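Hi there,

Here is the structure I promised to pass on to you.

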Amino acid sequence: WLLCPVLIEYESAGDFTTLGRLRASLRRNAARCAGYSIVGLLLLVWLSVGGGARGGLGAWCIAASNAWGLLVSTVLMGYGLVAVPRHLWRLANPGQQLSANYIFAVSMDEARLSTQFELQDVISEARAEIASRSIQMWDPMMERAFSILQQTLEECEQLHCELTNGARGNPRNFAVPEQSQACGAVARGGEDANRLECLAQLHGALKQAGLEARRSACRWDELVQRCLLLEDLEEQMYPSAVELATTWQSSPLARLLCRWHLARSCWHGSVLLWLGTLRPRVLRALAGICGLLSTVIVLGQLTMFSGGRSLSLLSLLFKEGHGFAPTQVFCIVPLSYMVCTAYWSVFRLKIAGWYGLYWNHNTDTGSLLWCASVLARLAAPLCYHFLLLVKVKGTAFQELMGQMDVVPVLGRSFNEIFPILVGFLCICNILNVYSKLVQTCGLDAFEFEWAPQPSVDAADLLAEGKRLVERERRRRSEDRNLLELHDRNESRRTIPLRCQIAQLIEEGTLPCDWNAHST
């Protein structure tokens, strides 16, 4: 609650010294901390006047953090308990999943281009600022500021060039505005502090624009890769043995196995069996299992407040002792499913922005800190909620969290009654009325981006998304062909033909009797 927000703001701050970034981080978090303190103080005063203030400071802190976590996890699980089984079921039908991805590709492509244009504008402003730098003698702080700004500018220019495939990579394309409000217009002397603050703001905007552009590009690449796979599955275009062998070059063990014909044949047969036959059946089976777990969890939450009759089937598993290993399995399976549904829904919230976990080491520090903060805030409430769901008592964790039972409003009654809303949210998501409900209540922050949005232009969006994915497929194919042609030309200049053939046989790309097959 304290460390992660400070580190997130520290990472995004544009100041040029450690003390300056820490000061900016504390200043940005001061307003949020002040708001929490005022609300807590008013609640404490109201309860003290009414004679209901019970429990110490630790109990109130535990109750407040648990109430926040229970509120968020209820909304997330109300969506995830329905969306996860539905998502797995739709994955078994590539055509249906493709339609949703095509529509989503249009808005994602617009967001990707918007972040690239924003990055280009901020780069132009930074170049204008550096160009306005005076050749007079500067103090060390100003020299350090311009040096860091120049380094960040070069990294963002390289990033922009990579994201646009060199279309705007030439520095001449970053035009300097004619009437730029550069920091260089600030006079020297007593205005050095204002100039440093202006440079810090520009540096922070440059870092943020670069991060948003990279995140949006990663999400676009993931979506396109998923669409290409679904298109191949829809048309039953499965990879060949040679294509699978080329993907094995990432590790020494894979290259070693690639030399064995039996290993290549077994792997290729397994992939074809999975994609052609097993994949839809396994996904539908997983969807059914997840749907059953969701039903069991929702029924248990609906009767959690009841001290007598209960519909919690999970509590039946813990009425008797089963030993260490079975007990761990009985705990891990349902608890892991609850955690997965909650955290799967986190990255579908529109409030999450571009934060997420991205492949190929593209996850930035801010995203990692944000994910860590969400994990830390929801872990304890979810675990305590699971113990109440299975009706197990006497654990050390319950003894720690049980301090909040004496706290009015947010104590025991809140933990037993509030989870009933999960059933109501699940019904809203099943009937596809959740989006309309949150829009009517003005709670757009709790809207999920993957929620179905009916539109009269669905056909046009579908055609536009399909065209974007097809264009991306052609571009990737052309890039791959050019890269292969370049590598082939380079290898021909240095390696004789017989050596190339020997290398292909050694790698397993060509069989040993390739000459007999060719004749």
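Below is what I found in it, going from the whole chain to single residues.

First, some ground rules. This is a predicted model, in which local features need pLDDT of at least 70 and side-chain atom pairs count only at pLDDT 80 or more, while totals for chains, interfaces and linings use all residues. Residues are numbered from 1 along each chain as its sequence is written, and side-chain values use heavy atoms, with hydrogens and water left out.

The protein chain has 18 helices and 0 strands; both are DSSP runs numbered from the N terminus, with helices being H or I of at least four residues and strands E of at least two. Of its 519 residues, 38% count as buried. Here buried means under 20% relative accessible area, exposed means over 50%, and partly exposed is in between, using a 1.4 Å probe and protein chains only. Among contacts between residues at least 6 apart in sequence, 75% join residues at least 24 apart, a contact being heavy atoms within 4.5 Å.

Now to the core. The largest nonpolar core has 59 residues, and Leu76, Leu81 and Ile297 touch the most other members. Such a core is a set of buried Ala, Val, Leu, Ile, Met, Phe, Trp, Tyr and Cys residues joined through side-chain atoms within 4.5 Å. Two or more residues come from each of helix 3 (57–91), helix 9, helix 10, helix 11 (365–390), helix 14 and helix 15 (434–440). Helix 3 gives the most, with 17 residues. A second, separate core of 20 residues includes Phe146, Leu153, Cys156 and Leu196. Leaving aside residues up to four places away in sequence, Leu76 touches Thr341, Ala342, Ser345, Val346, Leu349, Leu378 and Phe448.

Helix 9 (residues 261–302) packs with helix 10 (residues 324–346) at an angle of about 95°, their axes being 11 Å apart. That makes helix 9 roughly perpendicular to helix 10. Cys290, Leu293, Ser294 and Ile297 in helix 9 meet Pro334, Tyr337 and Met338 in helix 10, and by class this contact has 6 nonpolar, 1 polar and no charged residues.

Helix 9 also packs with helix 14 (residues 421–430), at an angle of about 135° and with the axes 8 Å apart. This makes helix 9 oblique to helix 14. On the helix 9 side are Val298, Gln301 and Leu302, which meet Val422, Gly423 and Cys426 in helix 14; the residues of this contact divide into 4 nonpolar, 2 polar and no charged.

A word on these terms: axes are lines fitted to C-alpha atoms, for helices over the stretch in contact, and angles run from 0 to 180 degrees between N-to-C directions. Angles under 35 degrees count as roughly parallel, over 145 as roughly antiparallel, 65 to 115 as roughly perpendicular and the rest as oblique. Ala, Val, Leu, Ile, Met, Phe, Trp, Tyr, Cys and Pro count as nonpolar, Asp, Glu, Lys and Arg as charged, and the others, Gly among them, as polar.

Still in helix 9 is Leu283, which is buried at a relative accessible area of 10%. Leu283 touches Leu88, Leu91 and Ala92, not counting residues up to four places away in sequence. Leu283 and Ala92 are 191 residues apart in sequence and 5.7 Å apart in space, C-alpha to C-alpha.

How many disulfides are there in the whole structure? The search finds 0, a disulfide being a pair of cysteine sulfur atoms within 2.5 Å. The sulfur of Cys428 is 9.2 Å from the closest cysteine sulfur, in Cys426, which is too far for a bond. Cys428 is buried, with a relative accessible area of 7%, whereas Cys383 counts as partly exposed at 31%.

Finally, the loop between helix 11 and helix 12 (396–401) holds Lys391. Lys391 has a positive phi near 60° although it is a residue other than glycine, and Lys391 is partly exposed, with a relative accessible area of 35%.

Happy exploring!
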